[in-house]
Structure formats: C-alpha cells, structure tokens
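Good morning, and thank you for the time.

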Amino acid sequence: MQKLRQQQTPEQIEREAERKRNARARKPPRPFMAIDGEGGGTDAFGRQDYNLMMAVSAEQEFILKTGRRLTTIECFEFILGLPKDADLVAFGLGYDATQILRDLPFPVLRRIYDPYHNRHGGISPEYWRDYAIQYMPGKYLRIGRVNSSVPVEKGKRRPVVKGSYRTVYETFGFFQCSFAKAIDNWKTGTEEERRLIASAKELRNTFGKVTPKIIGYCRLECRHLVEMMTNLRQLCRDLDIRPRQWSGAGEIAAVLLSKHGIPKRPRTATELRMQADRKPAVTSRPISTSC
C-alpha cells in the first residue's frame, strides 16, 4: 500500500482522503464509556488502596469491587472485559493508572514508563505475564491479551490476541482544569449533581471501605464525563473535526493542521528528498485501492 501511495498524484491522494472522510462522517459514532476508580484506606507503606473500579456509558454499567484492594490482574481483566464498540475515556487517568499498574515489578514499570525503549525508537508494548501494556502519561493506557497458546519462538514474543486491546484515553487535555470546573463549564447534569461532585472531591482522601454512597458518587462522575465528552464530540463534528483518538486538544490540532496542509514540524532533509523524488503516476486515472 505504501508503494501504491507513492505512485499517486497529490490530487489522487486528496480524493482518496476525502472519500475516507466522507465514509467516516456517515458512520455513527461509537458510544463513550467512562472509567473511574476510588481508593480508601492505606497499606503498611502509607499508600492508598484502590478498592473500586467502574465503567459507565449511557446504556451500560460495569463495577469491580472485592472488599479488599484490587490487584493489577483484576484491573486488567476488568478493562479487557469491557465492550469492544465503546470509546473508553477517563479524566485524571494518572492516579488510576498508577494504582492499576501497582503490582508490576520495577523493571517492567520502568520500561512501561519509557515506551520508546526498544532499539528501533518506536513505541512498543511491554509484556508481563499474559498481558501487553502500553502507557503514555497524559494520553492513554492500553491493555492487550497475549496469546499464550502460541509456542514461543527464540528471540520473539507471543502475539497479542487480535481485537483484544482496550485503550483508555486521558481526556484532561481537552479541558485543562479540574473535573468539577469542567463539568460546571459544560453544564452537564443538574446543578445539584455538580455541587455534589465538587463537595465529594474534597472528601476523597477520607474514603475508607466501598459504600453505596461512594459507588453512587463514582457512577455520577462517570455519567457526567460521558455527557461532557458526547457534547465535545458533537461540537467537533459540527465543525467537521474528527480526532483520531480522544486524548487531548493536540488531536484536534493535528486534524486542523492536516486539513489545511500545514506540517506539524519542519520537514527533514530526508522527507524533502523523498517528496522531490516521488515519481508521478503512470496514468492520470485514480488508482484502485480495493486491495
């Protein structure tokens, strides 16, 4: 496909891009599902325990609580079990990611927090047990299931089960303020609900065991995040802006730069040379991309 693209004229490339944009515009958007967790109490080292995880959309709700601290594996399995057809989002994902990854050995954590550690310089997942993990602070947490039934080849890793990846996007970058202020700016839910969330935020450090009240508060936060992200997406669609992923205002900027033909950075000498050496298409007719 890359060789085929190099043979196309700029007009053919633009027509193909326009066709894809129109196809995406006709496709109904995926529902948002908000993920949030709550901690309470402390361990022997003074660290807050992570006792509750919830995932809530406009139509569905999932909850994970065990009566004790949630383990990394329990959190991974919870995320992997969420619907494939939803865009998973969180607000302030850093706290939740730290708690979710808590049981990982330090060498694994170090590589996860340095996603460019591989020798090729690209982003790659880190493997731990039967999971593939990618974490880009401020962007997303991605979990996949490793296919343990495939024999291990020397120098290679087992593949990730196709379609198993679940990505939780960090949405803080769209709003750049506290959650209480963000939902107040966007007027989600009712004024009473927004006041309740703001007052409960001040008490989070005092949470202990999971109670129906804490579950209700977590559920309410998720519902407000879903509503806020749905409103943001509708605003983007009204302006013909379709971010590739929901991980901050940089994605909106990337769409606008691409839409107006503005490079995100100055082209390197290699890129300029490749552009100058690109061969024109043999025919002026659009090249089929059905392959």
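Let me begin with a definition: two strands pair if DSSP finds at least two bridges between them. Strands (E, at least two residues) and helices (H or I, at least four residues) are DSSP runs, numbered from the N terminus. What you see is a predicted model, in which local features need pLDDT of at least 70 and side-chain atom pairs count only at pLDDT 80 or more, whereas totals for chains, interfaces and linings use all residues. Residues are numbered from 1 along each chain as its sequence is written, and side-chain values use heavy atoms, with hydrogens and water left out.

I turn to the sheet. It is open and has eight strands with mixed pairing, in the order β3-β2-β1-β4-β8-β7-β6-β5. β3 (61–64) and β5 (126–128) are the edge strands; each has a single partner, so one side of each is without a neighbour in the sheet. From one strand to the next, the twist averages 25°.

Strands of a sheet pair through backbone hydrogen bonds, either parallel or antiparallel. Here, β2 and β3 are antiparallel, with four bridges, and form a hairpin with four residues between them. Within this pair, Met54 is opposite Ile63 in β3. By contrast, β4 (residues 87–90) and β8 (residues 166–170) run parallel and are joined by three bridges. Val89 has Tyr169 in β8 as its bridge partner.

Gln245 lies in the loop between α9 (212–238) and α10 (249–259). Is Gln245 buried or exposed? Its relative accessibility is 19%, so Gln245 counts as buried; buried means under 20% relative accessible area, exposed over 50%, and partly exposed in between, with a 1.4 Å probe and protein chains only.

Which residues does Gln245 touch, leaving aside its neighbours within four places in sequence? They are Tyr140, Tyr169 and Glu251, where contact means heavy atoms within 4.5 Å.

I close with confidence. pLDDT is the predictor's confidence in each residue, from 0 to 100. The protein has a mean pLDDT of 85, and 86% of its residues reach 70 or more. Over residues 281–291 pLDDT stays under 50. Where pLDDT is low, the predicted coordinates should not be read in detail.

Definitions and conventions. Axes are lines fitted to C-alpha atoms, for helices over the stretch in contact, and angles run from 0 to 180 degrees between N-to-C directions.
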